[in-house]
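Biologist: Before we discuss the details, could we look at the model together and go through it one topic at a time?

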Amino acid sequence: MSEHMKLERGEIYESGFRLDEDLTVIDHLGGTRKVDIYLCRSSALKMQVACKILRPEFCVHFKSLEAVIKEGELLSRMDHPNVMRGHSFELEPAPRIVMDYVGGSDLKSAFFTGNFAAFPLAEALSLVRQLADGLEHVHAQGVLHLDVKPSNILYADGRAVLIDFSVAREFDIEDLPRDNAGTRDWMAPEQTNRETVGPYTDVYGLGVVMYQLLTGGELPYKTVEVADDSSSSSDESSSSSSSSGSSDSSSSGSGGSVNKVPNYDVAPVHPSDIDSSVSREVGDIALRAVSVRVEERYGTPGEFGEALGGVGG
Ligand SMILES: Nc1ncnc2c1ncn2[C@@H]1O[C@H](COP(=O)(O)OP(=O)(O)OP(=O)(O)O)[C@@H](O)[C@H]1O
Ligand SMILES: [Mg+2]
C-alpha cells in the first residue's frame, strides 16, 4: 500500500513531508471532500508550487482518477497571466496536479471576511477585465470553464487568476452539457437546464461575480425553494444556493427533496440602487452579463471586457 493510501480520512500531510523525490510539503492551503491543496517546494522546478491531491478514499474511483487527468491536461494547455498554469499531473504515488502557486487569497475568503473594502470600484473593474481576458484565452484553447465563482478566483497584488478546471471541458459550437455540474448561483440558466452552452455561459458566471463585487456580495437572482425534480440537485446544492451569496459549493446532480434555485422571474436590482457610488453605466454592464436570455448577454468574454474597457473606475 502506498504512503498516500495510509492517510486517514481527514488527515493531512505535515509540513516537511516528502510526497516523492520532487515535492516536499510546506503547508496545507485548503481542500474539500475530494481534494487537498498543498503549497510544496519542487526541487525539479526550483520553486514553490501548488499541488492538488486527490484524497485516498477517492483513489479507488475510476471517475475521480479520470478527473485528475482531465483537469491536469486542460491546465497544462493554459498560458495566460490570469489563468492558472499547470506544470504536470501524475497518478502515482498520489493522484495530483502540480501548478503555479498564487499567494493572496481567493475571492470567496474575501467575501466571507466581509472585506469588501479590499475591492474599491476601480480594482473590482480591473479584476473583472482581467478575468474576461483570461476567459478569452481559455475559450481560445477550445475549453469552457463552467465554474467561474469567487472560490475559483485567486487574487494577489492586483492580479486575478482563474483556477479550478474540475468542471471545465472542451466544447464545440452547439454543444450540450453532459451533466449540470457547476455551482448553481453562478451557473447560467442554460447550464442548469442542460441546454446548449458556449462562451456566453462563462460570461454569466463572471457577470455574477461582478454583480457581487459591485453590491457587497448580493446575488443578482435571489433563491427560492422548489420541490426537487431529481435531476438537478445534490447533497451540496442546498448550501450552494444560499441566498446570502457567500456560499458556493458545487452541485453535481443526484437526488434530494427540496431544491434552492435562483428565481429568474424577478429582475435583479440595479447595482447603483444598492450602492450609489456605482454608476448606471457600470451597473448596466453587470446586468447585461447576467441576462437570463443568451441573446441579451455578451456573446463572449471579449465583448464583456471591451464594454468594461470603456468605463472608468
Ligand atoms: N494554485 C493555487 N495557489 C494558491 N491557492 C490555491 C491554488 N489552487 C487552489 N488554491 C486554494 O485551494 C482552494 C480549492 O482549490 P480548487 O478550487 O482548485 O479545488 P476544489 O474546488 O476544492 O476542488 P474540486 O476540484 O473538487 O472542484 C481554492 O479556493 C484556493 O483557496
Ligand atoms: Mg474550487
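Biologist: How do the residues of the shell around ligand 1 divide into nonpolar, polar and charged?

Modeller: This is a predicted model, and the shell holds 22 residues, of which G30, T32, A50, D164 and S166 come nearest to the ligand. Sorted by residue type, the shell around ligand 1 divides into 10 nonpolar, 7 polar and 5 charged.

Biologist: Which element gives the most to the shell around ligand 1?

Modeller: The elements that contribute two or more residues are β1 (23–31), β2 (35–42), β3 (47–54) and β5 (96–100), while the shell as a whole draws at least three residues from each of domain 1 (3–100) and domain 2 (105–309). The element that gives the most, with 3 residues, is β1.

Biologist: Which strands are the edge strands of the open sheet?

Modeller: The open sheet has 5 strands, which follow the order β1-β2-β3-β5-β4 with antiparallel pairing. An edge strand pairs on one side only, and the strands that do so are β1 and β4 (86–90).

Biologist: In β5, which residue is the bridge partner of V49?

Modeller: The strands β3 and β5 run antiparallel and are joined by 5 bridges. Within β5, the partner of V49 is D100.

Biologist: How many of the residues of α5 are buried?

Modeller: Helix α5 covers residues 199–215 and reaches 25 Å from its first C-alpha to its last, close to the 24 Å expected at 1.5 Å a residue. The residue that follows α5 is G216, whose phi is positive, near 75°. Counting a residue as buried if 20 or more other C-beta atoms lie within 10 Å of its own, the number of buried residues in α5 is 17 of 17.

Conventions
Residues are numbered from 1 along each chain as its sequence is written. Chains are lettered from A and ligands numbered from 1 in the order in which they are written. This is a predicted model: local features need pLDDT of at least 70, side-chain atom pairs count only at pLDDT 80 or more; totals for chains, interfaces and linings use all residues. A residue is near a molecule or strand if its C-beta atom, placed from the backbone, lies within 6 Å of it. Helices (H or I, at least four residues) and strands (E, at least two) are DSSP runs, numbered from the N terminus. Ala, Val, Leu, Ile, Met, Phe, Trp, Tyr, Cys and Pro count as nonpolar, Asp, Glu, Lys and Arg as charged, and the others, Gly among them, as polar. Domain bounds come from an automatic or database domain assignment. The expected span of a helix is 1.5 Å times one less than its number of residues. A residue is buried if 20 or more other C-beta atoms lie within 10 Å of its own, exposed if 12 or fewer, and partly exposed in between; C-beta atoms are placed from the backbone. Two strands pair if DSSP finds at least two bridges between them.
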